[in-house]
Amino acid sequence: MGRRLGTALVAVASLYASTVHAEEPRATCTATLSGRRVMVRSEAFDFVSPELDRLVRLGMAGKLEVELTLWRRNTVWFDARVETARVTQVLAFSNGAYVLDGRPLPEGPSALTLERVAWSLEERPEPDARYQVRINVRLHVVTAASLGRVAAWLTQGKQAPDEEGATLTGSVLLRSVAEDLVRGADARCDVTWPP
């Protein structure tokens with residue numbers, strides 16, 4: 001058991017090293033102010049590596065966690081946090097296509113349009129007020145069920161079947177553990193005022 005676990009950990013480390021050179025995930029946002037309302041639109045790019053693509057196509061769902069924070073910029077002192085919102089969306093592969101919260105993604109998962117967020121400020125901002133939105137996006141693909149498959153394979157030496165009846169090899173399960181290392185990105189955007 002100890003030897004097998006050691007071998008598995010070495011394999012996971014080598015798989016992780018090979019994915020370091022993959023396309024890095026990134027996020028963008030745009031934020032506008034209309035009256036007292038701040039509207040934020042954000043996107044996530046390159047979050048699904050080739051290995052994650054294969055895992056999601058095997059039936060593992062991805063959990064996309066987005067945290068958005070509105071800050072009031074201060075020139076003399078620290079910025080002040082105004083509002084925070086957390087959004088969780090599910091990325092899956094269903095009926096031959098990717099879906100994000102059940103919404104089809106005809107272009108695939110390379111560019112994910114995230115859920116819009118809006119905040120209402122307590123009062124209309126002064127004309128010289130400056131605001132910024134900071135976002136943090138994280139994608140987790142390995143679920144509790146897939147970790148159970150890995151545990152069963154490590155402790156009993158059995159391969160776990162996928163939904164189509166084929167068997168997953170030990171290397172696929174080890175890659176799924178390696179990919180559990182979260183892919184994420186941060187972004188900032190200044191809130192723009194209407195012309």
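Colleague: Why is asparagine 95 called exposed?

Modeller: Asparagine 95 has 80% relative accessibility. Exposed means over 50% relative accessible area, buried under 20%, and partly exposed in between, with a 1.4 Å probe and protein chains only. So 80% makes asparagine 95 exposed. Before we go on: this is a predicted model, where local features need pLDDT of at least 70, side-chain atom pairs count only at pLDDT 80 or more, and totals for chains, interfaces and linings use all residues. Residues are numbered from 1 along each chain as its sequence is written, and side-chain values use heavy atoms, with hydrogens and water left out.

Colleague: Where is asparagine 95 placed?

Modeller: Asparagine 95 sits in the loop between strand 4 and strand 5 (97-100). Strands are DSSP runs of E with at least two residues, helices are runs of H or I with at least four, and both are numbered from the N terminus.

Colleague: What is the phi of asparagine 95?

Modeller: Phi is near 55° there, a positive value in a residue other than glycine. Most residues other than glycine have a negative phi. Aspartate 46 also has a positive phi, near 60°. Aspartate 46 lies in the loop between strand 2 (37-45) and helix 2.

Colleague: What makes aspartate 46 partly exposed?

Modeller: Its relative accessible area is 21%. That value falls between the 20% and 50% limits, so aspartate 46 counts as partly exposed.

Colleague: How do you know that cysteine 29 and cysteine 189 form a disulfide?

Modeller: Their sulfur atoms are 2.1 Å apart. A disulfide is a pair of cysteine sulfur atoms within 2.5 Å. So the pair qualifies. The count by this rule comes to one disulfide. Cysteine 29 is in strand 1 (residues 26-34) and cysteine 189 is in strand 10 (residues 183-192), 160 residues apart, so distant parts of the chain are linked.

Colleague: Which hand does the link have, and are its cysteines buried or exposed?

Modeller: The angle about the S-S bond is -120°, and the link is left-handed. Cysteine 29 has a relative accessible area of 11% and is buried. Cysteine 189, at 8%, is buried too.

Colleague: Which residues of helix 2 are buried?

Modeller: In helix 2 (residues 50-57) they are Glu51, Leu52, Leu55 and Val56. They cover an arc of only 135° around the axis, so they lie on the same side of helix 2. The arc is that of the directions from the helix axis to the C-beta atoms. Leucine 55 has a relative accessible area of 0%. Its C-alpha atom is 9.9 Å from that of alanine 92, 37 residues apart along the chain.

Colleague: What comes just after helix 2?

Modeller: Glycine 59 does, with a positive phi of about 115°.

Colleague: Why is the pair of arginine 54 and glutamate 51 called a salt bridge?

Modeller: The closest N and O atoms are 2.9 Å apart. A salt bridge is a side-chain nitrogen of Lys or Arg within 4 Å of a carboxyl oxygen of Asp or Glu. So this pair meets the rule. Both residues lie in helix 2, three residues apart, about one turn of the helix. Glutamate 51 is buried at 14%, whereas arginine 54 is partly exposed at 32%.

Colleague: How many salt bridges are there by this rule?

Modeller: The count comes to six.

Colleague: What makes Arg73, Asp79 and Arg134 one network?

Modeller: Aspartate 79 meets arginine 73 in a salt bridge of 3.1 Å, N to O. Arginine 134 and aspartate 79 meet in another, at 2.8 Å. Arginine 134 is in strand 9, and aspartate 79 is in the loop between strand 3 and strand 4, 55 residues apart. Salt bridges that share partners join the three residues into one network.

Colleague: How do you know that glutamine 132 and arginine 134 make a polar contact?

Modeller: Their side chains are joined at 2.9 Å. A polar contact is a pair of N or O atoms within 3.5 Å; within protein, one must be able to donate a hydrogen and the other to accept it, and residues adjacent in sequence count only if both atoms are side-chain atoms. So 2.9 Å is within the limit. Glutamine 132 also makes a side-chain polar contact with aspartate 190, at 3.4 Å. Glutamine 132 lies in strand 9 (residues 130-140) and is buried at 6%.
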